[in-house]
Each structure stands twice: as C-alpha cells, then as structure tokens.
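Keep the structure open alongside as you read.

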Amino acid sequence: MSENTESQLSQRIDSYLEGLFVPEDTVLEQALKDMEQNGLPSINVSPNEGQLLYMLAKLSGARKVLEIGTLGAYSTIWLARALPPEGRVITLEYEPKHAAVARRNLERAGLSDRVEVRVGAGLDLLPEIARNGEGPFDLFFIDADKSNYPGYLEWAIKLSRPGSVILSDNLLRNGDVLKADIKNEHGSANDIIGRYNRQLATDPRLESLIIPLNRGHVDGLGVTVVRS
Ligand code: SAH
Ligand code: DHB
Ligand code: MG
C-alpha cells in the first residue's frame, strides 16, 4: 500500500471510530471553535484520544488530576468529566492567553468549580504544588513543552502514590522518535522523547506501555502506573 493510501485509511478509521463512539457534543465543539477564533494552535488531543483519556480516568477511579499543558482546556474537559462529583483537576499553562480561553471553555462546560487553571511554567508551579502539600494526585496528563517531559515526570512521581497513573502525550512523533539519538544529553526534543520512552520502559519505579494512535499521522500516548 502506498504511504498516501495508508494515511488516508488511518484517517478513515479514526473518523469511523469517532462516528461510532464519540457522542456529538456542542460544548467540546464550541471549545475547538473558540480556540481557532482566538488563534490558538490546533494541537489539542483528537476526539478519539480525548475519549481514551476519559476512559482511562474512569477506569482508574481518579479523583485528583494534574494536567501539564492546558491550551484551550479541550483535554481538560474530557478528563474533568470522567471524575466523580467531588473530583478536582489542576491544569498548568504557561501562556496567559491560552489560560483565558481555557477558563471560558471550562465555564461553558460547567466545570469551573472542579478545574483550576494555574498560569506559569510547569517547572515553577510543580515545586509549589509539592510545597503546599496538594498531592498526591491519582492521574497526571503530561502534554506541555516536550523538552521538559523528563522534569515533569520526576515531579509527577514525587506527587504520586503507588498506583497513580501518568499519561504522556506525543511519544511517537509520526515515527521521528525511531531516529532519536538517546545518548545525546543536549539533543533535540525528539532525542529527549526517545530517552523519555526508554526511561518509561526501564525505570524500576514505573510500569508502562505506549498506545500508538493513528490519525493520518502516527503518535502515541504513554500509559504508566507508579509501582507500589
Ligand atoms: N492538553 C491540551 C494541549 C496542550 S498543547 C489538549 O490536548 O487540549 C501544549 C500547551 O503547553 C500549550 O498551551 C503551551 O502554551 C503549554 N506550555 C508550553 N510550555 C509550557 C511550560 N513550560 N509550562 C506550562 N505549559 C507550557
Ligand atoms: C504539538 C504539541 C502537542 O501536545 C501535540 O499533541 C501536537 C503537537 C506541537 O508542539 O507541535
Ligand atoms: Mg499533545
């Protein structure tokens, strides 16, 4: 099969699954529109991946969620909806403009009382969360700047309990990660993600796998549980 046909097939399958399983949802559709109108990049999770996040949050029985990288709160809405009524999400976002769009979308989704958007660099906000004793969290979604993933993972582990779930987006990078130079300490984001994947596979504190997600291009969601 030519590469083009393969990519078209993967898009058709993605649409098929979305049509079958992802309910029509005006709040989520409006959130995407609002992001576009405000010039935010279209780098949110897909509807199918959003539903996967929702399902993993439900299956794990999560009540306290920490997300790193909010954008317009599209993934945040999926995660927050999976929680029981007393559930809470803290989501970290560096760009004030993204945070403003996110807060509006959360308001429209009726989730403002469950979700707190904090503005700042993840690596500045995470130590504060630890100092304030706001952990442990049941589930983490790491989806901000790729070169800081190793730092985010260490903070997630510090803020976890045995059995906590750590989800990491964009671990396959349309196959670019196959070319990563994992020995290069000061490498590109791609090299860093290559090393990150290796850490997920080998760190004795963790058990992990990566779910490949096909949507025209291939990316992957890391699924990790913190060992007892
Ligand atoms: N989780 C979102 C997409 C996040 S895109 C969704 O799927 O809907 C990545 C976001 O991380 C962007 O909004 C970007 O501004 C933010 N970001 C980049 N660097 C950051 C940092 N150092 N700390 C926190 N957020 C950061
Ligand atoms: C990018 C970031 C993401 O989190 C994503 O899911 C896709 C793309 C990016 O920075 O290009
Ligand atoms: Mg992502």
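The largest nonpolar core has 36 residues, and Leu 139, Leu 167 and Leu 221 make the most contacts inside it. A nonpolar core here is a set of buried Ala, Val, Leu, Ile, Met, Phe, Trp, Tyr and Cys residues joined through side-chain atoms within 4.5 Å. Buried means under 20% relative accessible area, exposed over 50%, and partly exposed in between (1.4 Å probe, protein chains only). At least two residues of this core come from each of α2 (26–37), α3, α4, α5 (96–108), β3 (115–119), β4, β5 and β7. The biggest giver is α4, with five residues. Helices (H or I, at least four residues) and strands (E, at least two) are DSSP runs, numbered from the N terminus. In soluble globular proteins, nonpolar side chains tend to be buried together.

A word on ground rules: this is a predicted model, so local features need pLDDT of at least 70 and side-chain atom pairs count only at pLDDT 80 or more, while totals for chains, interfaces and linings use all residues. Residues are numbered from 1 along each chain as its sequence is written, chains are lettered from A and ligands numbered from 1 in the order in which they are written, and side-chain values use heavy atoms, with hydrogens and water left out.

Now the metal. Asp 143 (OD), Asp 169 (OD) and Asn 170 (OD1) coordinate the magnesium ion (ligand 3) at 2.0 to 2.2 Å. Its donors follow the spacing D-x25-D-N along the chain. The pair links distant parts of the chain, 26 residues apart: Asp 143 sits in the loop between β4 (139–142) and α7 (149–158), and Asp 169 in the loop between β5 (165–168) and α8 (189–202). Donors are N, O and S atoms within 2.8 Å of the metal (3.2 Å for Na, K and Ca); water is not among the atoms, so sites may look incomplete. Asp 143 counts as buried at 14% relative accessibility, and Asp 169 is buried too, at 4%.

Helix α3 (residues 47–60) has 14 residues and spans 20 Å from first C-alpha to last, close to the 20 Å expected at 1.5 Å a residue (1.5 Å times one less than the number of residues). Its buried residues include Leu 52, Leu 53 and Leu 56. After α3 comes Gly 61, with a positive phi near 65°.

Some backbone spots stand out, given that most residues other than glycine have a negative phi, and most peptide bonds are trans.

| Site | Backbone value | Loop |
|---|---|---|
| Gly 135–Pro 136, cis | omega about -10° | Pro 136: between α6 (122–131) and β4 |
| Arg 173 | phi about 50° | between β5 and α8 |

Leu 71 is buried, with a relative accessible area of 10%, whereas Arg 173 is partly exposed at 23%.
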